[in-house]
Protein chains: 2
Amino acid sequence: MMTLTFASPPQNKSDLETGPAFTPRFDEKGLITAVVTDAGDGALLMVAHMNAEALALTLETGVAHYYSRSRRRLWKKGESSGNVQAVREIRTDCDQDAIWLKVSVAGHDATCHTGRRSCFYRTVGVDEGQAKLVITDDERHFDLKQVYAES
Amino acid sequence: MMTLTFASPPQNKSDLETGPAFTPRFDEKGLITAVVTDAGDGALLMVAHMNAEALALTLETGVAHYYSRSRRRLWKKGESSGNVQAVREIRTDCDQDAIWLKVSVAGHDATCHTGRRSCFYRTVGVDEGQAKLVITDDERHFDLKQVYAES
């Protein structure tokens with residue numbers, strides 16, 4: 001059961017930037033952006049969103065929970081794939097509208113639903129006036145059909 | 001002058017995840033989340049937002065531009081402080097609704113408007129049932145009054 005609640009952000013900018021209270025600034029949909037990196041080597045793994053419930057559960061359990069905008073529900077990362085994220089540290093930014101999670105990934109050490117370690121597996125470039133993508137990391141850490149069929 | 005434009009995202013999920021076209025999924029406000037790390041040591045520096053103009057300018061010039069939600073205008077990072085970001089690499093994630101910029105910061109090597117290197121200078125914890133912040137990095141890279149008075 002979630003017991004942690006968050007106070008409203010202070011009006012005063014100085015309090016927001018230097019005060020001792022964590023007062024996350026959820027957007028009009030009640031969400032805050034979460035950036036997730038590997039606690040070991042710092043690799044950027046994913047960007048997701050949390051509502052107050054997901055953020056409280058993450059702080060209370062030490063296991064990363066998010067809010068799935070596509071499925072419109074609380075989402076314990078790894079609940080299907082086993083790639084659960086143990087949270088080693090949480091930070092917030094100057095205006096408290098973003099969260100940074102440093103995590104250790106269990107299971108296959110894969111965060112992307114495509115089986116890759118990171119969701120950021122493609123590089124953006126410009127080629128003949130067009131914005132193009134090149135796949136930079138194509139290594140799959142698990143077999144999609146097997147993992148998601150079992151869930 | 002900005003010449004780069006972005007095609008609409010494909011309906012097909014496979015095209016979005018593996019196709020060669022960069023088709024950023026701007027939200028209903030026309031913005032996309034940008035995560036910014038240091039190209040040298042990988043440190044997370046900031047999270048910001050881009051509209052199509054900022055993203056195109058960033059790709060065309062190699063200098064990071066954002067959209068300031070508070071000032072409601074295009075924002076060349078470092079225009080006041082001198083802490084301009086030279087973009088070394090841009091990546092996008094599986095569903096193309098987030099951007100990752102690896103940058104080299106000029107000026108004072110400070111990204112946060114508070115003078116700190118990173119906007120993520122505080123750690124979140126729980127103390128006696130309350131969500132609390134502790135300042136983890138308090139080193140200032142520039143004198144706020146001097147830098148912003150000159151701009």
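Predicted model: local features only at pLDDT ≥ 70, side-chain atom pairs only at ≥ 80, totals over all residues.
Biologist: How do strands of a sheet pair?

Modeller: Strands pair through backbone hydrogen bonds, in a parallel or an antiparallel way. Here, an open sheet of six strands runs in the order S8(A)-S7(A)-S5(B)-S6(B)-S1(B)-S2(B), and its pairing is mixed.

Biologist: Which strands stand at the edges?

Modeller: Strand S8 (130–135) of chain A and strand S2 (44–50) of chain B do. Each has a single partner strand, so one side of each is left without a neighbour in the sheet. On average, neighbouring strands of this sheet are turned by 35° against each other, direction ignored.

Biologist: In which sense do S5 and S6 of chain B pair?

Modeller: Strands S5 (residues 85–92) and S6 (residues 98–105) of chain B are antiparallel, with seven bridges. As an example, Ile90(B) has Leu101(B) in S6(B) as its bridge partner.

Biologist: Which strands does helix H2 of chain B lie across?

Modeller: Helix H2 (residues 52–61) lies across S7 (122–127) of chain A and across S2, S5 and S6 of chain B, at about 125° to S2(B).

Biologist: Which residues does UniProt list for "binding site"?

Modeller: The UniProt record gives Cys94(A), Cys112(A) and Cys119(A). They spread over 26 residues of sequence and, in space, up to 28.1 Å between C-alpha atoms.

Biologist: Is Cys94(A) buried or exposed?

Modeller: A residue under 20% relative accessible area counts as buried. Cys94(A) has 7%, so it is buried. Cys94(A) sits in the loop between S5 and S6 of chain A, and its contacts include Cys112(B) and Cys119(B).

Biologist: Where is Cys119(A) found?

Modeller: Cys119(A) is in the loop between S6 and S7 of chain A. Cys119(A) is also buried, at 9%, and among the residues it touches are Cys112(A) and Cys94(B).

Technical notes:
Residues numbered from 1 in each chain as written. Chains lettered and ligands numbered in written order. Heavy atoms only, no water. Pairing = 2+ DSSP bridges. Helix = DSSP H or I, 4+ residues; strand = E, 2+ residues; numbered from the N terminus. Axes fitted to C-alpha atoms, helices over the stretch in contact; angles between N-to-C directions. Contact = heavy atoms within 4.5 Å. UniProt positions renumbered as here; feature names shortened; annotations may be inferred. Buried < 20%, exposed > 50% of the residue type's maximum accessible area, 1.4 Å probe, protein only. Lists of a residue's contacts leave out its neighbours within four places in sequence.
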